[in-house]
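Hi there,

Here is the structure I promised to pass on. Have a look at it first, and then read my notes below.

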Amino acid sequence: MEVKTLVKSDTQISISNNLNGLSGFDHSVKVTRVISRMCGVWPGFEEKKSFTERFFFIVPGMVTFFSITLPQLRRVMIHRKDLSTVLELMTTGIVMELISILKLLAIRYNQSGLRWLLRRMVDDWKIYDKGQYYKIMWVYARHTNTIVTICIALTTGNIAAQIIRQYAIYIIERHYSSANETVIKPTILKSDFYFNEQIEGIYELVVAAQILGGFSVAFSFTAFDGFFVCSIMHVSGQIHKLQMQIEDLVQCYERREGAFSEVLGPIVHRHRDLRGYAAVIEENFNKIFLVQMLVTSVFLCLQGFEFAMVVAEGGTEMVPHLIFIVCFVASNLVSIFTYCFVAEQLRTQSNQLFRSIFQIRWYDLTPKDSRLLIIIMVQTKKPIEITVGKFVPFSLDYFCSVLKTSAGYLSVLLSMKDRL
């Protein structure tokens with residue numbers, strides 16, 4: 001199925017911004033919608049937008065780049081011979097900031113695809129009554145909200161941890177400094193500006209800009225992940241609903257007049273639609289995740305190496321520094337685990353759907369009708385998967401593989417530590 005054709009063929013769907021009666025949909029996208037609007041990348045349901053809505057995303061991107069990324073790049077160039085400084089800036093700052101900007105641009109570039117996904121989600125919430133299928137959708141909506149809330153809490157927590165770290169080090173240095181010694185006031189992120197940021201008035205503006213840039217990084221990062229989680233969990237819920245329909249297939253056939261094909265047909269068509277929905281998700285997210293996973297696999301080991309270097313060096317800054325590294329690594333691991341967990345959920349539901357076909361009372365059907373089950377068997381034999389750049393599917397096995405790879409790189413670096 002051609003994904004772009006699929007999206008274009010559905011542009012005639014008109015969805016009102018009035019979501020009355022769609023409390024489940026509103027609950028599932030609530031956090032993602034708030035942070036996306038703050039970044040200026042919420043696709044909404046209308047293609048026509050004002051000038052401000054179309055280009056507001058440039059503001060957080062520019063603030064992040066000029067207040068944080070560019071000064072940190074300058075610091076890397078100045079201290080390029082200091083391995084510890086370079087590692088710290090690259091692993092906990094520059095690379096993640098660039099990835100967040102890339103995610104921000106990806107959301108803006110894929111507005112039509114994301115809008116199509118949202119429209120289909122709204123359609124699915126509209127067609128159900130308050131029965132058992134509606135309850136299943138609500139379960140997945142609550143799980144979605146919980147996962148995205150945890151993600152935004154961890155990313156913003158990293159910014160808070162960085163602020164606490166910098167000022168904890170500043171307080172410690174002031175405590176141990178002599179009366180005549182001047183202690184440089186810290187910026188939120190270690191940076192070297194092209195001007196003297198210590199001047200009163202300028203310093204406060206720089207700190208405010210870096211705080212704003214830091215939260216822009218957190219929101220951009222989580223907005224992209226939020227769209228991914230919302231979409232995948234919604235498809236998982238729909239497949240779960242389809243599984244229940246298949247389990248009741250024979251009973252539904254027995255309760256109504258008409259051919260068995262009339263009962264089976266809607267299920268086959270619905271599963272095909274869900275595969276198309278998953279294909280759109282894959283098209284919109286897999287390339288960015290490829291870049292992120294390649295970088296993260298390397299930088300997890302570098303963060304572990306930095307942890308070992310900080311412990312070896314000791315000093316008054318060790319404890320705040322170690323706490324920040326632990327928080328940062330934990331946040332990255334949770335992000336990767338989230339991608340793998342929700343994709344594993346989708347894969348699991350797809351496999352359960354396939355198994356449920358074999359468990360129905362096919363022997364109560366006529367030979368002609370039972371042969372029709374081969375259609376849905378063939379269609380569901382291959383589970384729905386979301387891949388990393390179409391190379392490897394997200395799964396819990398892949399998460400373990402990333403950890404093993406990073407641990408292997410780390411062991412090599414530690415064995416060569418004295419040579420670096």
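**What I found**

Let me start with Val139, which sits in helix H7, the helix of residues 132–176. Val139 is partly exposed, as its relative accessible area is 37%. Its C-alpha lies 10.0 Å from that of Met233, although 94 residues separate Val139 and Met233 in sequence.

**The chain as a whole**

The chain has 420 residues, and 51% of them count as buried. It contains 14 helices and 2 strands. Among contacts with a separation of 6 or more, 80% are between residues 24 or more positions apart. The accessible surface of the chain is about 20500 Å², and carbon and sulfur atoms account for 62% of that.

As for confidence, the average pLDDT over the chain is 81, with 88% of the residues scoring at least 70. The stretch to watch is residues 9–18, where the pLDDT is below 50; in the model this stretch still has 17 contacts beyond near neighbours in sequence. Where pLDDT is low, the predicted coordinates should not be read in detail.

**The inside**

In soluble globular proteins, nonpolar side chains tend to be buried together. Here, the largest nonpolar core has 94 residues, and the members that touch the most others are Phe25, Phe228, Ile281, Phe285 and Phe394. Helix H10 (residues 260–313) is the biggest contributor to this core, giving 21 residues. Apart from this core there is another one, of 5 residues, including Ile188, Leu189, Tyr203 and Val207.

Is Gln292 buried or exposed? With a relative accessible area of 2%, Gln292 is buried, because the cut-off for that is under 20%. Beyond its neighbours within four places in sequence, Gln292 is in contact with Ile99, Lys103, Phe221 and Tyr339. The C-alpha atoms of Gln292 and Met96 are 8.8 Å apart, while the two residues are 196 residues apart along the chain.

**Salt bridges**

Side chains of opposite charge can pair when their charged atoms come close. I count 7 salt bridges in the structure, and three of them are worth a look.

- Arg75 and Asp192 meet through their side chains, at 3.3 Å from N to O. This pair joins distant parts of the chain, 117 residues apart: Arg75 is in helix H4, and Asp192 is in the loop between H7 and helix H8 (202–247). Arg75 counts as buried at 18% relative accessibility, and Asp192 counts as buried at 18% as well.
- Glu283 pairs with Lys287, with 3.7 Å between the closest N and O atoms. Both residues lie in helix H10, 4 residues apart, which is about one turn of the helix. Glu283 is partly exposed at 31% relative accessible area, and Lys287 is partly exposed at 48%.
- Glu385 pairs with Arg347, and here the closest N and O atoms are 1.7 Å apart. Glu385 is in the loop between helix H13 (373–380) and strand S1 (387–388), whereas Arg347 is in helix H11 (residues 318–359), so this bridge ties together parts that are 38 residues apart in sequence. Glu385 is partly exposed, with a relative accessible area of 28%, and Arg347 is partly exposed, with 27%.

**A patch on the surface**

Which residues form a nonpolar patch on the surface? They are Phe51, Phe55, Ile58, Met62 and Phe66, and together they have about 510 Å² of accessible area. Helix H3 (51–55) and helix H4 (58–78) each supply at least two of the patch residues, and the largest share, 3 residues, comes from H4. Phe51 is exposed, because its relative accessible area of 58% is over the 50% cut-off.

I hope you enjoy looking around.

Best wishes

Conventions:
Residues numbered from 1 in each chain as written. Heavy atoms only, no water. Patch = residues over 30% accessible without salt bridge, like charges linked within 9 Å, V, L, I, M, F, W, Y side chains within 5 Å. Areas by Shrake-Rupley, 256 points an atom, 1.4 Å probe, with all protein chains shown as cover. Salt bridge = Lys/Arg side-chain N within 4 Å of Asp/Glu carboxyl O. Buried < 20%, exposed > 50% of the residue type's maximum accessible area, 1.4 Å probe, protein only. pLDDT = per-residue confidence, 0-100. Contact = heavy atoms within 4.5 Å. Core = buried A, V, L, I, M, F, W, Y, C linked by side-chain atoms within 4.5 Å.
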